[in-house]
Every structure is written in structure tokens, then in C-alpha cells.
Amino acid sequence: MTHSGEAVAAAYSSRATEYVDLFGTMESVHPDDHTVVLTWARGLKGPVVDAGCGPGHWTHLLAEQGVEIEGVDLSEQFIEHARRQYPGRGFRVGDISALGVADGSLGGILSWYSTIHYTPDTLREPLTEFARALAPGGGVLLGFFEGPEVESFEHAVITAYRWPAARLAEEVEGAGFEVVETHTRQDPGTRPHGSLIARRL
């Protein structure tokens with residue numbers, strides 16, 4: 001990673017309250033992203049992990065739709081918030097590059113902006129872990145910062161990377177997936193957004 005997992009966890013934990021206030025509810029989510037995630041989830045078969053679940057709002061939303069889902073995040077503060085806000089849902093502290101689940105045991109992995117702090121040289125670590133954890137045919141959905149080239153930038157919390165959708169698709173396919181679709185969007189006053197849906201081969 002650009003930084004160690006401990007550094008990323010510490011950076012998010014130090015700003016957890018601010019992050020939750022700004023981005024920790026479904027009201028802060030773009031309607032298009034809401035539609036993409038729900039549509040993707042309806043096609044899954046088997047347990048799902050929200051890898052890098054942050055405050056837990058996506059985990060809760062999908063659980064409300066009947067998805068068997070667990071939220072995993074490096075930040076203890078995020079997990080504590082998620083457990084308070086969404087009692088009865090499954091949340092635990094963990095690393096998305098070592099999910100702690102059996103091989104081929106998952107039907108889906110939501111990775112919404114949780115790989116953005118990996119360098120181009122280390123992005124394959126979580127992607128390979130996703131492939132290991134998913135059953136053949138299982139789905140992954142990545143949210144990411146989109147851009148004309150792979151490059152770092154100073155994210156509000158800690159250094160992050162933006163990727164061209166086509167270049168990210170190559171990385172995902174190299175980890176054992178078939179890319180099904182990608183979406184990109186530029187909203188006024190925000191960085192370009194991308195999402196990518198892939199299926200485990």
C-alpha cells in the first residue's frame with residue numbers, strides 16, 4: 001500500500017467522526033451509485049462481504065434487501081460506529097487483503113472505494129484475495145476514483161490513486177475475473193467517479 005494498513009487505519013480513525021458526518025449515510029450517496037449497487041447485489045448467490053465498509057451504511061442497506069452480508073474495515077472507530085448505528089448487523093475489524101474467510105466461500109464482495117490507497121504495484125493484493133474468497137461466478141463491485149492515467153493525489157485522509165477504467169479493468173482481469181461492466185461519472189465539484197463490476201472465473 002501507499003502506507004501500511006496501520007497508517008491507513010489510523011488516518012481514518014482520526015477523522016472518523018468527520019467522515020461519518022459527511023459520507024456515512026445513504027443520503028450522501030449519489031442515486032446512480034445506489035442503483036448500481038442494489039442491481040448488482042440482486043444477482044448474487046451466497047454470502048457477501050462489504051470490504052472496507054467504513055461507517056456501515058452500505059452493509060446495512062444490503063442487509064435490508066435480504067443479503068447475507070458482513071462489513072469488514074481496518075478502522076476500529078468505523079466498526080464501533082457501525083455496530084452502534086446498525087445493531088444486529090455483522091461487523092468486524094479486518095484487512096481487505098486478508099478477509100479471514102474460507103476459499104470460495106463468498107457470493108459477492110463490495111469494495112466501495114476501499115482499494116484507493118493501494119499503489120499500482122500492490123493493488124493486486126486485495127484483488128487476488130477477492131478472487132480467492134469468491135466462489136466461481138461470484139461478483140465483485142469496485143468503486144474508485146477515475147482519471148486519465150494512473151496517478152496518486154492527496155486525498156483528504158491519506159494519499160490515494162485514481163485509475164482509468166480500462167486500466168483498472170486490466171488489473172482486475174489479471175487477478176482472475178471477467179469484467180462485466182464499468183461506469184464513470186463526473187459530477188460538478190467532485191472528482192471523477194468510477195465503478196466496475198466483475199465476475200470470478
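A nonpolar core is a set of buried Ala, Val, Leu, Ile, Met, Phe, Trp, Tyr and Cys residues joined through side-chain atoms within 4.5 Å, where buried means under 20% relative accessible area with a 1.4 Å probe, protein chains only. The model here is predicted: local features need pLDDT of at least 70, side-chain atom pairs count only at pLDDT 80 or more, and totals for chains, interfaces and linings use all residues. Residues are numbered from 1 along each chain as its sequence is written, and side-chain values use heavy atoms, leaving out hydrogens and water.

Let's start with the cores.

| Core | Residues | Members include |
|---|---|---|
| Largest nonpolar core | 29 residues | Leu 99, Ile 109, Phe 130, Val 172, Phe 177, Leu 196 |
| Another core, apart from it | 24 residues | Ala 41, Trp 58, Ile 69, Ile 197 |

Now to helix α5, residues 76-85. Helices are DSSP runs (H or I, at least four residues) and strands are runs of E of at least two, numbered from the N terminus. Phe 78, Ile 79, His 81 and Ala 82 are buried in α5. Seen down its axis, the buried residues of α5 fall within an arc of 160 degrees, so they line one face of the helix; the arc is that of the directions from the helix axis to the C-beta atoms.

Terms used: Buried < 20%, exposed > 50% of the residue type's maximum accessible area, 1.4 Å probe, protein only.
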